[in-house]
Amino acid sequence: MKKQIKFILSFLVLLVPAITLAQAQNPIIFADVPDMSMIRVGKNYYMSSTTMHMNPGVPIMKSTDLVNWKIINYAYDTLADLPALNLTEGKNIYSRGSWASSLRYHNGMYYVTTFAHDVPGETYIFKTKDIEKGNWERVSFKPSLHDHSLFFDDDGKVYLIYDADRLKIVELNDDLTGIKQGVPERVLIENASAPTGKEVGLGAEGSQLFKVNGKYYLFNICAPRGEMRTVIIHRADNINGPWEGKVGLQDRGIAQGGLIDTPDGRWFSYLFRDYGPVGRAPYLVPVKWENGWPVLGENGKVPETLDLPASKGLIPNLVASDEFSRKKGQAALPLVWQWNHNPDNALWSVTERKGFLRLKTGRIDTDFLQARNTLTQRTIGPTCSASVAVDVSKMKEGDFAGLSALQKEYGSVGVKIDGGQKSIVMVTTENDKPVEVQRIPLDQNQIYFRIDCDFTGMNDAAVSLYTLNGKDEATLFYSLDGKVWKPIGRPLKMKYTIPHFMGYRFSLFNYATKETGGYADFDWFRIK
């Protein structure tokens, strides 16, 4: 009996570390999911995010535990049919498109609002009764209201709070199709960055407004000049003020977001951190209430672990492998995929050749970043790898097809056809221009490419995108048989650049530089 008890005690001792390890860890999503807006409806949580120039746009994600999220929908397929959105006439919307969204649930209806600055320069409101399956009804109006927060008040009035530092508020009409006539906008808070007590570099923006126990709480992000991103919180008893503000959190630049509660009464703040080339990664921060204020973190710090279920990984719910085999009734592309800008739907197919994604050329391009129909998925940290198999037998003179790590400073590995000769090439960028680093002759039609991304080594003392010291390298490979991999070119030093304002993405591409009508067939895409 004593031996049995001793065995049980020993087992429990061994079990304790395992239980400790089975916790959520920050960041809860080690990938580019910025500008989150989050709601809870019953036991389900829903979250929207920013993907700007990617389409479909404004991804909607679902979770039952705040940690494990799955893409379930998008607010729109295309924002508009304009040259900058279509990558035509030499125009593009890198770093623009739709920005920070606001997700709300009111009287049985789900709402997502967003805005686009200069193209098309409007504010958008989408609504549906079925956030997981239903199509979104859409309205838009001018002007474009920067970083706004949609808010339904208890008296039936509906507002948008927006702008930076000098925060403003407008009332919407009853059917939410525009700004209410005869009710002028007004200043809500004159200087929302004032609680820092310092000169401002990034003025308070990213508004998210909540009402808890009869009080209004407004969350913003700002940055004192030369310092880290900071959470600012204002509160008021009346939406018209007066408002009092304070610094809510200042830790490693983790900021911009809001509040969410759990069915069992716990509170968290959802925020994100600039995490270098992988993008802006979401964090959860425990919240306790003191004297009517939400207090974020543990002794002012964001904890590494959380009393929430452990992550099961981002595959296959946020990124996923794809064999391109489709059963009857299945979507042509799973929701993990997004196009770089609006696609030309006449130039791609998953049905023309069963089990393959076909990317066809329809125009001449000389710049990878201006080529249409580049299909993308997020990279994920701390390390990840993506590979593809491609049939290049139907490519034409001047065509270039393959796999890329997409950002302004990109790295690509693929097949080029020059003078009737197929070659494996590695291309990167120098001074904003493509540079061919290595070329290897190819005499077969089936070829395999792989890119390994390493985002490890980030210095935790870093407070912004510009002070990171991680490894941040992508290594490109090719294989003739899908088994033996050989590096090509040189490692790409990945950099998060504001002109693209997005974490690196794995990208499948094919474009023509001399004649149209060719195509490349991608047999599979695999990520791990």
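**Reading rings, burial and backbone**

Q: Are Tyr496 and Phe501 buried or exposed?
A: Tyr496 is buried, as is Phe501; buried means under 20% relative accessible area, exposed over 50% and partly exposed in between (1.4 Å probe, protein chains only). The model is predicted, so local features need pLDDT of at least 70 and side-chain atom pairs 80 or more, while totals for chains, interfaces and linings use all residues. Residues are numbered from 1 along each chain as its sequence is written, and side-chain values use heavy atoms, without hydrogens and water.

Q: How many aromatic pairs are there?
A: A pair of aromatic rings is described by the distance of the centres and the angle of the planes. Rings of Phe, Tyr and Trp (its six-membered ring) pair with centres within 6.5 Å; planes under 30 degrees apart are stacked, over 60 edge-to-face, the rest tilted. The count is 22 aromatic pairs. Phe324 and Trp337 are stacked, at 6.1 Å centre to centre and 25 degrees between the planes. Both lie in the loop between strand 23 (305–306) and strand 24 (338–340), so the pair ties together parts 13 residues apart in sequence. Strands (E, at least two residues) and helices (H or I, at least four) are DSSP runs numbered from the N terminus. Phe324 and Trp337 are buried. The planes of Tyr496 and Phe501 stand at 85 degrees with centres 6.3 Å apart, so this pair is edge-to-face.

Q: Where is Pro316?
A: Pro316 lies in the loop between strand 23 and strand 24, and its peptide bond with Ile315 is cis, with omega about 10 degrees.

Q: Is Met52 buried or exposed?
A: Met52 has 3% relative accessibility and therefore counts as buried. Its phi is near 50 degrees, a positive value in a residue other than glycine.
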